[in-house]
Amino acid sequence: MHTRSFARAVALTASAFWLLIPATSASAIDDIYTVPLHQDLPLTAVSDGVEHESDCPVPDSKDGWHFVLPGTRTDFVKLTVTFEPGGEQVITSFGPPSDKHAYAASDPGATLVAAEAEVTGGDVAWFNLSHACPASDTQPSSSPTPSQSTSPTPPVTTPSASESSPASPHPSSSSSAAVTPPASSTPDSQDGGALAETGAQTVSIAGAALLLLGAGAGLVVALRRKGSGQRH
């Protein structure tokens, strides 16, 4: 009798234990909830009211953003932030020093336009922007600008008109006359001489033709007279 009662109690305890496991898992899933950022947006890393620090674990060439959850029992599960420019970032790795702290990085001067977080544990209504770390230039240029150059610059000498090109002597009128070719050697004068010579030859031929015509006419007249005398 006692043995059966003990076995029944063990069985009931085991059943209760296995029933509690799904309930605990469902409770852990339902414990994740979404909370907004406490500060009003939009904000930049140098906006009024934003505290400035230098301990953000981001490159110095970026603006750093440090978010934190209030209380002691709440941790980040997922943080979603949106920058302009830059777009949306989803952050799932948190700390240091714990998962109550989250960090984001943006281009210098970017504006935070949206932020929300999925958290677990506790019962918080929002999360905070703890501070921002504005980008800093840690690599100043070591090369001097042209205005800082100390090397002497050789003077630039511009030659005068008389030095830049040698003076060309102006030929005198006598030398110009000596250089000018004679009129008879130019093509125009040659053509004129040829025309004159051709005209003279034409006149000579015409005169000879007239003389021949005159001689022929005189010969014809003499023959006619001689014939007339013989008939008488």
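Predicted model: local features only at pLDDT ≥ 70, side-chain atom pairs only at ≥ 80, totals over all residues.
Which residues does S106 touch, not counting residues up to four places away in sequence? The answer is K62, D63, W65 and F83.

- Three strands make an open sheet here, in the order β6-β3-β8, and the pairing is antiparallel.
- β6 and β8 (residues 128–133) are the edge strands, each pairing on one side only.
- On average, neighbouring strands of this sheet are turned by 20 degrees against each other, if you ignore direction.
- A bit of background: strands in a sheet are held in pairs by backbone hydrogen bonds, and they can run parallel or antiparallel.
- β3 covers residues 63–68 and pairs with β6 in the antiparallel sense over 6 bridges.
- Two places to look for that pairing are F67, which stands opposite A102 in β6, and D63, whose bridge partner in β6 is S106.
- β3 also pairs with β8, again in the antiparallel sense, over 5 bridges.
- For that pairing, find W65 and look across to A132 in β8.

**How β3 is covered**

- 6 of the 6 residues of β3 are buried, so the strand is largely enclosed by the rest of the structure.
- In a regular strand, side chains alternate between the two faces of the sheet.
- In β3, one side has D63, W65 and F67, while the other has G64, H66 and V68.
- Those residues are all buried, so both faces of β3 count as covered, with "buried" meaning under 20% relative accessible area.

**Back to S106**

- S106 lies in strand β6.
- Is S106 buried or exposed? With a relative accessible area of 4%, S106 is buried, because the cut-off for that word is under 20%.
- A polar contact of 3.0 Å joins the side chains of S106 and W65.

**The nonpolar core**

- The largest nonpolar core has 25 residues.
- Within that core, W65, F67, F76, L79, V81 and F127 touch the most other members.
- β3, β4, β6, β7 (111–120) and β8 are the elements that give two or more residues to this core.

**The disulfide**

- How many disulfides does the structure hold? It holds 1.
- As a reminder, a disulfide is a covalent bond between the sulfur atoms of two cysteines.
- The two partners are C56 and C133, with their sulfur atoms 2.0 Å apart.
- The link of C56 and C133 is right-handed, with 75 degrees about the S-S bond.
- C56 lies in the loop between β2 (43–44) and β3, and C133 is in strand β8, so the pair ties together parts that are 77 residues apart in sequence.
- Both cysteines count as buried: C56 has 10% relative accessibility, and C133 has 6%.

- K62 sits in the loop between β2 and β3, and its 31% relative accessibility makes K62 partly exposed.
- K62 and A105 are 43 residues apart along the chain, but their C-alpha atoms are separated by 6.0 Å.
- Leaving aside neighbours within four places in sequence, K62 is in contact with A105, S106, D107, C133, P134 and A135.
- So C133, one of the disulfide partners, is on the contact list of K62 too.- D123 lies in the loop between β7 and β8, and D123 counts as exposed at 73% relative accessibility.
- D123 and G71 are 52 residues apart in sequence and 8.8 Å apart in space, C-alpha to C-alpha.

**Two cis peptide bonds**

- Most peptide bonds are trans.
- The peptide bond from E84 to P85 is cis, with omega near -5 degrees.
- P85 is found in the loop between β4 (75–84) and β5 (87–91).
- The peptide bond from G95 to P96 is cis as well, with omega near -5 degrees.
- Look for P96 in the loop between β5 and β6 (101–106).

Key:
Residues numbered from 1 in each chain as written. Heavy atoms only, no water. Helix = DSSP H or I, 4+ residues; strand = E, 2+ residues; numbered from the N terminus. Pairing = 2+ DSSP bridges. Axes fitted to C-alpha atoms, helices over the stretch in contact; angles between N-to-C directions. Core = buried A, V, L, I, M, F, W, Y, C linked by side-chain atoms within 4.5 Å. Buried < 20%, exposed > 50% of the residue type's maximum accessible area, 1.4 Å probe, protein only. Disulfide = S-S within 2.5 Å. Contact = heavy atoms within 4.5 Å. Polar contact = N/O pair within 3.5 Å; in protein donor to acceptor, adjacent residues only side chain to side chain.
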